[in-house]
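Dear colleague,

Here is the structure I said I would pass on. My notes on its pockets follow below.

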Amino acid sequence: MTRITHVELLQVDLPPPVARSDAIQSFATQETPMVRIRCDDGGEGTGYSYTIGTGGSSVMALLRDHLAPQLIGRDPARIEQIWHDLLFSTHATSVGATTSLALAAIDTALWDWRCRRDGQPLWLAAGGAQQSVPMYSTEGGWLHLSRTELVQATLAAKQAGFHGAKIKVGKLHLADDIDRLYAVREAVGNHFALMVDANQCFTSAEAIRRASHYEGLGLSWFEEPLPADDLSGHVRLAAATHLPIAVGESLYSAGQFADYLRQGACSIVQADVARVGGITPWLKVAHLAEACNVPICPHFLMELHVSLCAAVPNAPWVEYIPQLDAITHSRVAFADGHAVPSALPGLGIDWDWAAIDRRATARATVS
């Protein structure tokens, strides 16, 4: 039986390639905690998660002081057992973002090890439902952009082959949101998908009011209209509008997704593999949604989500936001408007270890 003998922990801080802002925050730095496991048979696996600028040191401390030591001597093939054992050991801090991000860094490393051992790419090992997935771009839809810049960026996305684009909403005045959205819709036409994202900035009443004005735009969904813990508000909103309501990037367990699905509070789930705690729980959420005849359109992390979306049958979109270009040799393959998962064994990410070594801001080893 194979045993884990060594765990290396690193944090790499990555500035985004373009300025990113939404209704509640700006995204200046991506903290990237990384876990690299090594085993007594010579096999290894690398996983990671992320923050948008705060909390990385807390994730690293949880990994270093509590979670990574529990991996030593474990059989890396027992992924489900390890995930549950680690979750139980963090009972006092679960469910929540810091714990989920730490669990995800470990869980993705274990899946990488398994796929490399078996000579399989992640998308096939996790299900193999689709060979490619349509891709939409968020990178030109940020809230700080002027109407002209927004139109130009969305047209550029269409010309680049994307099938859709996400636009941030949440301007102080509804009229400004509407002006920007109609300008984009007129420029790109009716056959190009548009999504809007409020990043949890509205009250229930305001979201219902704005949704009624967004309805004439042919939108694919209205994302994170309310704070994620306002389940009853999402129920009221979903009942008041025909716009599909999308939630999930700020939910941290399969149980939270189940609550939304049971109460009809959303039409689309957007589980983020890092924030939900890794590939193991992400697949549970995806199949839970499938059983409810609901699509999963994950948030961010395109380098991982391209493979996970291809693994399941109910993932109609991958979100384009480049995240790891500065520390990888690989890029997400893009053809005819579709993201194509890597055929390489493992997560499909070719890490640039020299760049990672140069950029590392924190390190630890456990053995």
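Pockets between the domains

The second largest pocket holds about 170 Å³ of space. Here a pocket is, on a 1 Å grid over the protein atoms alone, an open set of points where a 1.4 Å probe fits, with protein on both sides within 12 Å along at least five of seven lines; lining residues have an atom within 4 Å of a point. Volume is the space filled by probe spheres set on the points, which are joined across faces, edges and corners.

This is a predicted model: local features need pLDDT of at least 70 and side-chain atom pairs pLDDT 80 or more, while totals for chains, interfaces and linings use all residues. Residues are numbered from 1 along each chain as its sequence is written, and side-chain values use heavy atoms, without hydrogens and water.

Of the 17 residues lining the second largest pocket, Trp83, Leu87, Tyr252, Ser253 and Ala254 are the closest to its centre. Two or more lining residues come from each of α2 (79–89), α3, α9 (254–262) and α10 (279–291); helices are DSSP runs of H or I, at least four residues, and strands runs of E, at least two, numbered from the N terminus.

The largest pocket has a volume of about 460 Å³. Among its 32 lining residues, Gln25, Tyr50, Ile52, Glu249 and Arg275 are the closest to the centre. α3 (97–118) and β7 (164–168) each supply at least two lining residues, and α3 gives the most, with 3.

Domain 1 (4–119 + 351–366) and domain 2 (124–340) both contribute to the lining of the largest pocket, so it lies between them; the domain bounds come from an automatic or database assignment.

Regards
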